[in-house]
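Welcome! Have a look at the sequence and the model, then read on.

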Amino acid sequence: QVQLVESGGGSVQAGGSLRLSCAASRYTSSINYMGWFRQAPGKEREGVAAIYSARGVTYYADSVKGRFTISLDNAKNTVYLQMNSLKPEDTAMYYCAARPTGVVIGNLLSERWYGYWGQGTQVTVVS
């Protein structure tokens, strides 16, 4: 079991930055995979970024590569999503997700692999 609590969302102008945080209720060093997903109104939830914590390997959606960075602070049991050069199309509810065990063979940005989710934090980018 793991509980996830996101924070850091808000409203920002296009071109600005935000850093989302996701605090986990257990040691993140014991969680194999953690990811960030987002869902805009009327759209399906999509994977944004993920990290395979054992090896520090990161994965990004093409739409955010070069602008977003996922990172892990095991001392704080927190995963971050640094978002730079934000665009209006980044507006969405952002969710943190975790897969504590097992090995993923496939697209790590697919929500099917994750069994634990936070409540979400809203990001609004205004032009």
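A residue counts as buried when its relative accessible area is under 20%. With that cut-off in hand, take Arg38: its relative accessible area is 5%, so Arg38 is buried. Please keep in mind that this is a predicted model.

**Arg38 and its surroundings**

- Arg38 sits in strand β4, a strand that is mostly covered, with 6 of its 7 residues buried.
- Which side chains make polar contacts with the side chain of Arg38? One is that of Glu46, at 2.7 Å, and another is that of Tyr94, at 2.9 Å.
- Leaving aside neighbours within four places in sequence, Arg38 is in contact with a range of residues, including Glu44, Arg45, Val48, Ser63, Val64 and Phe68.
- The list of contacts of Arg38 also includes Glu89, Asp90, Ala92 and Met93.

**Strand β4 and its partners**

- β4 pairs with β5 in the antiparallel sense, over 6 bridges.
- Within this pairing, Trp36 stands opposite Ala49 of β5.
- β4 and β5 form a hairpin, with 6 residues between the two strands. In the turn, Gly42 has a positive phi of about 80°.
- β4 also pairs with β9, again in the antiparallel sense, and here there are 7 bridges.
- On the β9 side, Ala98 is the bridge partner of Met34.

**The four-stranded sheet**

- An open sheet of 4 strands runs in the order β1-β3-β8-β7, with antiparallel pairing.
- Which strands form the edges of this sheet? They are β1 (4–7) and β7, each of which pairs on one side only.
- From one strand to the next, the twist averages 15°.
- The antiparallel pairing of β1 and β3 covers 4 bridges, and in it Val5 has Ala23 of β3 as its bridge partner.

**The nonpolar core**

- In soluble globular proteins, nonpolar side chains tend to be buried together.
- Here, the largest nonpolar core has 38 residues.
- The residues with the most contacts inside this core are Met34, Trp36, Leu81, Met83 and Tyr94.
- Elements giving two or more residues to this core include β3 (18–24), β4 (33–39), β5 (46–52) and β7 (68–73). The others on that list are β8 (78–83), β9 (92–99) and β11 (121–126).

**The disulfide**

- How many disulfides does the model have? The count comes to 1.
- This disulfide joins Cys22 to Cys96, with an S to S distance of 2.1 Å.
- The link of Cys22 and Cys96 is left-handed, with -80° about the S-S bond.
- Cys22 lies in strand β3 and Cys96 in strand β9, so the pair ties together parts that are 74 residues apart in sequence.
- Are the two cysteines buried or exposed? Cys22 is buried, with a relative accessible area of 0%, and Cys96 is buried too, with a relative accessible area of 0%.

Key: Residues are numbered from 1 along each chain as its sequence is written. This is a predicted model: local features need pLDDT of at least 70, side-chain atom pairs count only at pLDDT 80 or more; totals for chains, interfaces and linings use all residues. Side-chain values use heavy atoms; hydrogens and water are left out. A nonpolar core is a set of buried Ala, Val, Leu, Ile, Met, Phe, Trp, Tyr and Cys residues joined through side-chain atoms within 4.5 Å. Buried means under 20% relative accessible area, exposed over 50%, partly exposed in between (1.4 Å probe, protein chains only). Two strands pair if DSSP finds at least two bridges between them. Axes are lines fitted to C-alpha atoms, for helices over the stretch in contact, and angles run from 0 to 180 degrees between N-to-C directions. A polar contact is a pair of N or O atoms within 3.5 Å; within protein, one must be able to donate a hydrogen and the other to accept it, and residues adjacent in sequence count only if both atoms are side-chain atoms. Contact means heavy atoms within 4.5 Å. A disulfide is a pair of cysteine sulfur atoms within 2.5 Å.
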